[in-house]
Amino acid sequence: VLVGVLSEIIVVCRTNHILHIFLPMEKNMILVLFGNSVRKRRKILKLSQEQVAEKAKLHRTYIGMIERGEKNITLTNIKKLSLALDCSISELMEEL
């Protein structure tokens, strides 16, 4: 998946001039995609965020932040999550 680091807003004014405005993305898209993958796997297993946190020995609010793409998770915690979600690290990375 090719991910851009900028969002584009195109504004057309009354004189038909086109103005391109580039803004940084609010969140790093790879973190959002990873979080979506974690959420999808958790829901397949019918686990709550709290249950995953307990199995992974991570804080429950941290799981929510990962799923929302708010945390740049370490490899150590990716491994803990993969074990808690009964899957490989590569399965969590498939949609990136």
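A residue is called buried here when its relative accessible area is under 20%, and exposed when that value is over 50%. Valine 52, in a model that is predicted, has a relative accessibility of 0% and therefore counts as buried. This valine belongs to helix 2, and, with residues up to four places away in sequence left out, valine 52 touches Arg42, Leu47, Ile63, Leu81, Ala84 and Leu85. The C-alpha atoms of valine 52 and serine 82 lie 10.0 Å apart in space, although 30 residues separate the two in sequence.

The chain as a whole has five helices and two strands, and from the N terminus on these elements follow the order β-β-α-α-α-α-α. Of the 96 residues in the protein chain, 29% are buried.

Helix 2, which spans residues 49–56, has Val52, Ala53 and Ala56 as its buried residues. Seen down the helix axis, these buried residues fall within an arc of 100°, so they line one face of helix 2. Glu50, Glu54 and Lys55 are exposed on the other side of helix 2. The cover over the buried residues of helix 2 includes helix 1 (29–44), helix 3 (60–67) and helix 4 (75–84).

In helix 3, the buried residues are Tyr62, Ile63, Gly64, Ile66 and Glu67, and they pack against helix 1, helix 2 and helix 4.

|---|---|---|
| Helix 2 | Lysine 57 | positive, near 60° |
| Helix 3 | Glycine 69 | positive, near 75° |

In soluble globular proteins, nonpolar side chains tend to be buried together. In this model the largest nonpolar core has 17 residues, and those with the most contacts inside this core are Phe34, Val38, Val52, Ile66, Ile73, Leu81 and Leu92. The elements that contribute two or more residues to this core are helix 1, helix 2, helix 3 and helix 4. Phenylalanine 34, once its neighbours within four places in sequence are set aside, is in contact with Ile66, Ile73, Ile78, Leu81, Leu92, Met93 and Leu96. Leu81 is also among the residues that valine 52 touches.

What lines the largest pocket? The lining is formed by Ser37, Lys40, Arg41, Ile44, Cys87, Glu91, Leu92, Glu94 and Glu95, around a pocket with a volume of about 160 Å³. Helix 1 and helix 5 (89–93) are the elements that give two or more residues to this lining, and helix 1 gives the most, with four residues. By residue class, the lining of the largest pocket divides into three nonpolar, one polar and five charged residues. Leu92, one of the lining residues, is also named among the residues with the most contacts inside the largest nonpolar core.

Note on methods:
Residues are numbered from 1 along each chain as its sequence is written. This is a predicted model: local features need pLDDT of at least 70, side-chain atom pairs count only at pLDDT 80 or more; totals for chains, interfaces and linings use all residues. Side-chain values use heavy atoms; hydrogens and water are left out. Buried means under 20% relative accessible area, exposed over 50%, partly exposed in between (1.4 Å probe, protein chains only). The arc is that of the directions from the helix axis to the C-beta atoms. Contact means heavy atoms within 4.5 Å. On a 1 Å grid over the protein atoms alone, a cavity is a set of points where a 1.4 Å probe fits but cannot get out, and a pocket is an open set with protein on both sides within 12 Å along at least five of seven lines; lining residues have an atom within 4 Å of a point. Grid points are joined across faces, edges and corners, and a volume is the space filled by probe spheres set on the points. Ala, Val, Leu, Ile, Met, Phe, Trp, Tyr, Cys and Pro count as nonpolar, Asp, Glu, Lys and Arg as charged, and the others, Gly among them, as polar. A nonpolar core is a set of buried Ala, Val, Leu, Ile, Met, Phe, Trp, Tyr and Cys residues joined through side-chain atoms within 4.5 Å.
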